[in-house]
Amino acid sequence: MTSPHTPTKARASLRPIRLGVHGSVRLACRIVASAGYPQASMEYVPYEVTEPFDPLRAGRMDIMIVKYDPLEPDIAMSRPVCFDGRAVLVGAHHPLAGRDTVSVEEVAEYEGFQCPGDFPPHVWNLVVPPRTPQGRTVRRVHSVTTLTAMTDLLRSTSAIHVSFQSLDTVVPPDIKVVPVHDLPPSPVSLAWLRGDEPPWHVRQFVADAERAADR
């Protein structure tokens, strides 16, 4: 919650930092630990991919994890504080499920998901590229509502979802997270409302996370 150099009494008097996360808290825990903060100094606040910035704008979180730059006028971002490897989510029955790694060119053989709700379309194009490096179309046809609905479709069809390796801690056992070796890892940053400066201990955490990433 505070820098390791903050006096003990000051640390004890501060409320936990409300950190927005989607899906897995694995990345958040790694960022917090790397910055030298105890996990008890954080309150992880989930947000949905269909309306990712609503909780931040409503004041229900102090900062949130974002991947890539959302280019939202009211959202400010830190420097990258870590990176998340790319992966494809498939049902356990899927032809790609038993692989150690796959190419995005192979992923293009199967149907993927459309940009959900209020999620920034340009960011979705980075998460789920519309075309592979060799020019093959990635067929984005299925709707995204919740992670549960997505996994239900993955387990019952040959659909795939191009996503991130950090989700391997939250998907059910019959959904496999297979690394994609020819997509670059995603930069992961911390974001807050521009013009609405977070409390000083939140700003200190962001600065400590940035310094930890630079080491």
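This is a predicted model: local features need pLDDT of at least 70, side-chain atom pairs count only at pLDDT 80 or more; totals for chains, interfaces and linings use all residues.
Student: Which residues have the most contacts inside the largest nonpolar core?

Tutor: Those are Val88, Val102, Leu154 and Ile160, in a core that has 31 residues. Among the elements that give two or more residues to this core are strand E6 (86-91), helix H6 (147-156) and strand E10 (175-179).

Student: And what does Ile160 touch?

Tutor: Leaving out residues up to four places away in sequence, Ile160 touches Val88, Leu89, Val90, His94, Val107, Tyr110, Glu111, Gly112, Phe113 and Leu154.

Student: Where in the chain do Tyr37 and Phe205 sit?

Tutor: Tyr37 is in the loop between helix H2 (26-34) and strand E2 (42-46), whereas Phe205 is in helix H7 (residues 200-214), so that the pair links distant parts of the chain, 168 residues apart. Both Tyr37 and Phe205 are buried.

Student: What about Phe119 and Trp124?

Tutor: Their ring centres are 5.5 Å apart with the planes at 80°, and therefore this pair is edge-to-face. Phe119 counts as buried because its relative accessibility is 15%, and Trp124 counts as buried because its relative accessibility is 4%.

Student: One last thing, where does Lys67 lie?

Tutor: Lys67 lies over the face of Phe164, at 3.9 Å from the ring centre.

Terms used:
Residues are numbered from 1 along each chain as its sequence is written. Side-chain values use heavy atoms; hydrogens and water are left out. A nonpolar core is a set of buried Ala, Val, Leu, Ile, Met, Phe, Trp, Tyr and Cys residues joined through side-chain atoms within 4.5 Å. Buried means under 20% relative accessible area, exposed over 50%, partly exposed in between (1.4 Å probe, protein chains only). Helices (H or I, at least four residues) and strands (E, at least two) are DSSP runs, numbered from the N terminus. Contact means heavy atoms within 4.5 Å. Rings of Phe, Tyr and Trp (its six-membered ring) pair if their centres lie within 6.5 Å; planes under 30 degrees apart count as stacked, over 60 as edge-to-face and the rest as tilted. A charge sits over a ring if NZ of Lys or CZ of Arg is within 6 Å of the ring centre and within 35 degrees of the ring normal.
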